[in-house]
Each structure stands twice: as structure tokens, then as C-alpha cells.
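Trainee: I would like to go through the ring contacts and the pocket of this model. Please take them one at a time.

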Amino acid sequence: MSDEDVPAPPLPNLYTPNEIILYGVRLNETTDYAQFAIEASSRFLRMSIIQGGATVPNSTMSIAVIYGYAFEGHCYRLDKGKITAFLPFKGPDAAVGCGFGPDGSGQSNYSMWRVSTKTMLVELTVNVDSAEEIVLQSNLPGNRPPNTYGNHMQLAHRSGRLTRNGG
């Protein structure tokens, strides 16, 4: 087994059966917001979390790009990084295991968070493209996910009946 296959060990003297270890990069490491590049000319979208009219400080929440996770002793990689925000803040710790740990120089650019399966996450989707691509091209009939089409079609050809005799 390589480091790619082994998640971080549990905390000393504590096993949490519903724990998920998230591996990724924290976007609000030094600020109370995360920035997303809009275009090459140094324009950014800045995102922060507001609670009760005030910005939630980065010491109590994380905005991160999650690239993989570990659950029940197995490592999983996501096809594409997921931008997430989550409270309450626990961690991050320096990443260990699942191929996200320190490299040969002892440095790791990744962090890890230990969360329960019931931790509420907000997934953010950021798409940057022209209006033609985001509005027009992505909504052509062949490009939409199947679950966006109407769910009111009838069963087979029998006017929606499950039996031939109408019962």
C-alpha cells in the first residue's frame, strides 16, 4: 500500500465512526474572504460569509477547494475540485495521507479537515465564460443534464397505465 491509499490516522484515543476527512486547499487562510479570478486582467470576485450582518471571521469558518476525502479507511479523489464553505470551523490540520501529505521536501500545500457526516457544507459553483457560453450554449437541448427536463412523461405507450386492461 502506498501513501495514496492510506488516509490520516484517527485522533489519539478517539475513534469517530462517522468522520469524513476532507483534503483540499483553504482559500480564506489569511483573510475573512476568498477570491476567485474572473479574467486575466486581475479582476476578482470576493466572497465572504455574513452572519447577523457581520462578516464571519476566518477563524470560525473555512472556504476551501476540496480535492478528495477519506471515509471508513478508504481514500477517494473527486473528479473536479469542489468549492465549499463550512461551519463550525475545526482545523485545518496539515494534510496527512491519501497522497495529499508532505512531499519529499517535507512540505504540503494541502490541508485536511475532520468533519462528521452531518456537517453542513455549502457547495459553490463558479463558472467563468462568455454570456453566449453560460446562457445560450449550456441550455441547448443536447447539453442539459437529463434531470432538468420535465418529469411528466407517461409510462410507455399505454397512456400511463401499468397494465393492459386499465387496472
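**Rings, charges and a pocket**

Mentor: This is a predicted model. Start with Tyr67, which has a relative accessible area of 34% and is partly exposed.

Trainee: How many aromatic pairs are there, and what is the geometry of the one between Tyr67 and Tyr110?

Mentor: Ring centres within 6.5 Å make a pair, and by this rule the count comes to five aromatic pairs. For Tyr67 and Tyr110 the centres are 6.1 Å apart, with 85 degrees between the planes. An angle over 60 degrees is the criterion here, so the Tyr67 and Tyr110 pair is edge-to-face.

Trainee: How many residues apart in sequence are the parts that this pair of Tyr67 and Tyr110 ties together?

Mentor: Tyr67 lies in strand 6 (residues 62–71). Tyr110 lies in the loop between strand 8 (93–94) and strand 9 (111–116), so the separation of the parts tied together is 43 residues.

Trainee: Which residue forms an aromatic pair with Tyr110 at 5.0 Å centre to centre?

Mentor: That pair is edge-to-face, with 75 degrees between the planes. Both residues lie in the loop between strand 8 and strand 9, ten residues apart in sequence. The partner of Tyr110 is Phe100.

Trainee: Is Phe100 buried or exposed?

Mentor: The limit for buried is under 20%. Phe100 has 2% relative accessibility, so Phe100 counts as buried.

Trainee: Which residue has its charged end over the ring of Phe100?

Mentor: The ring of Phe100 belongs to a cluster linked by ring pairs, with Tyr23, Tyr67 and Tyr110. The charged end over the Phe100 ring is 4.2 Å from its centre and belongs to Arg77.

Trainee: What sits over the ring of Tyr33?

Mentor: This is a charged end, 3.9 Å from the centre of the Tyr33 ring. The residue is Arg46.

Trainee: Which elements give two or more residues to the lining of the largest pocket?

Mentor: The largest pocket holds about 200 Å³ of space. Its lining has 13 residues, and those closest to the centre are Tyr15, Thr16, Glu19, Glu72 and Gly73. The lining divides into nine nonpolar, two polar and two charged residues. The elements asked for are strand 1 (19–26) and strand 6.

Technical notes:
Residues are numbered from 1 along each chain as its sequence is written. This is a predicted model: local features need pLDDT of at least 70, side-chain atom pairs count only at pLDDT 80 or more; totals for chains, interfaces and linings use all residues. Side-chain values use heavy atoms; hydrogens and water are left out. Rings of Phe, Tyr and Trp (its six-membered ring) pair if their centres lie within 6.5 Å; planes under 30 degrees apart count as stacked, over 60 as edge-to-face and the rest as tilted. Helices (H or I, at least four residues) and strands (E, at least two) are DSSP runs, numbered from the N terminus. Buried means under 20% relative accessible area, exposed over 50%, partly exposed in between (1.4 Å probe, protein chains only). A charge sits over a ring if NZ of Lys or CZ of Arg is within 6 Å of the ring centre and within 35 degrees of the ring normal. On a 1 Å grid over the protein atoms alone, a cavity is a set of points where a 1.4 Å probe fits but cannot get out, and a pocket is an open set with protein on both sides within 12 Å along at least five of seven lines; lining residues have an atom within 4 Å of a point. Grid points are joined across faces, edges and corners, and a volume is the space filled by probe spheres set on the points. Ala, Val, Leu, Ile, Met, Phe, Trp, Tyr, Cys and Pro count as nonpolar, Asp, Glu, Lys and Arg as charged, and the others, Gly among them, as polar.
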